[in-house]
Amino acid sequence: GKKESVVNMHKTIDFPNLGIHLKNVGKTISVFHFDIAYYGVIIGLGILAGLLMAMHVAKKTGQNQEDYIDLAIYGVIFGIIGARVYYVIFSWDMYKNDLLSIFNIRQGGLAIYGGVIAAVITVFVFAKRRHLAVGILLDPACHGLVHGQAIGRWGNFFNREAFGKYTNSLFAMRLPLDAVRIGDVTQQMRDELEMIDGVGYIQVHPTFLYESVWCLLVLAFLFWYRCRQKFQGEIFLVYLAGYGLGRFWIEGLRTDQLLIPGIGIPVSRVLALILFVGATAIIIVHRKKIKKESKE
């Protein structure tokens, strides 16, 4: 009995300042004796929800919904490849001595920005092949993308990854030390380590939760902005700027940042800032141009 309670304790995820205590959060579910990672299930649900959202927006704008089913098939395949390649490039030391582990994504290791970049390239190629306007495709697609991201981030919850620095704030998340990647644990977390019945616990920012909520706020803003849209592709630019703004802040909290080799600067913070500034600038320039043309 005591041994079993210790095993379960190592699977706990707590939000002590909210009074939430989850006693047995596993990483996998067994179906017909096959272990399926919750991470994969959540990513799959995110993809499905994203597709349904994109199709919903496409229908409202009078587009062919079947185009988005075809686009999703290509987008998901190349998006996952892109997310993995991005992660491996900036975590090369983890994979250089075991190249086959590159193909094992069951334990996580997908960088969302890599997926976004690959998915956007896919949209451009798809639009050209189908003779469709890329801006028209990107606007519904980004509604689906940010909705999928909001759900997909919960895969990090089950994997106990993508968390932030030590905190004792209202949303602080408490995890067993032996349930997380040791490289993600900072010295401050060790200094603040809490021992309960012989088990060490760290307390961290649940950055997966912050990003999930931020994505839902961005999605709500996209719907609000739609009736104020002035040009094709503007909604997509608003998504890039909005997500980039939140990601810049959230990435600064994380302890598992992917760093630019030789410089040591978090690559996703740099990219988030570039996309926020770039997308905002393009929106301002285009809107000024449209306003000027309407006066002439």
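This is a predicted model: local features need pLDDT of at least 70, side-chain atom pairs count only at pLDDT 80 or more; totals for chains, interfaces and linings use all residues.
Tutor: A residue is called buried when its relative accessible area is under 20%, exposed when that value is over 50%, and partly exposed in between.

Student: Which residue forms a salt bridge with Arg174?

Tutor: Its partner is Glu194, with a distance of 3.8 Å from N to O. Glu194 belongs to strand β6 (residues 194-196) and Arg174 to strand β5 (residues 173-176), so the pair ties together parts that lie 20 residues apart in sequence.

Student: Is Arg174 buried or exposed?

Tutor: Arg174 has a relative accessible area of 12%; because this is under 20%, the residue counts as buried. Glu194, at 33%, is partly exposed.

Student: Where do Glu251 and Arg247 lie?

Tutor: Both are in helix α10, four residues apart, which is about one turn of the helix. Glu251 is buried at 2% relative accessibility, and Arg247 is buried at 5%. Salt bridges with shared partners also join these two with Arg153, Glu211, Arg254 and Asp256 in one network.

Student: How does the pair of Lys96 and Asp93 read by comparison with those terms?

Tutor: The side chains of Lys96 and Asp93 meet in a salt bridge at 3.3 Å, N to O. Lys96 is partly exposed at 41% relative accessibility, whereas Asp93 is exposed at 61%.

Student: Let us turn to spaces in the model. How many residues line the largest cavity?

Tutor: A cavity is a space where the probe fits but cannot get out. Here the largest cavity holds about 800 Å³ of space. Its lining has 35 residues, and Ile47, Val76, Ile112, Ala119 and Leu145 lie nearest the centre. The elements that give two or more residues to this lining are α2 (38-60), α3 (65-89), α5 (112-130) and α6 (134-152). By class, the lining comprises 23 nonpolar, 10 polar and two charged residues.

Student: What volume does the largest pocket have?

Tutor: The largest pocket has a volume of about 430 Å³. It is lined by 25 residues, with Tyr87, Ser91, Asp256, Gln257 and Leu258 nearest its centre. Helix α4 contributes the largest share of this lining, three residues. The classes here are 11 nonpolar, five polar and nine charged.

How values were computed:
Residues are numbered from 1 along each chain as its sequence is written. Side-chain values use heavy atoms; hydrogens and water are left out. On a 1 Å grid over the protein atoms alone, a cavity is a set of points where a 1.4 Å probe fits but cannot get out, and a pocket is an open set with protein on both sides within 12 Å along at least five of seven lines; lining residues have an atom within 4 Å of a point. Grid points are joined across faces, edges and corners, and a volume is the space filled by probe spheres set on the points. Ala, Val, Leu, Ile, Met, Phe, Trp, Tyr, Cys and Pro count as nonpolar, Asp, Glu, Lys and Arg as charged, and the others, Gly among them, as polar. A salt bridge is a side-chain nitrogen of Lys or Arg within 4 Å of a carboxyl oxygen of Asp or Glu. Buried means under 20% relative accessible area, exposed over 50%, partly exposed in between (1.4 Å probe, protein chains only).
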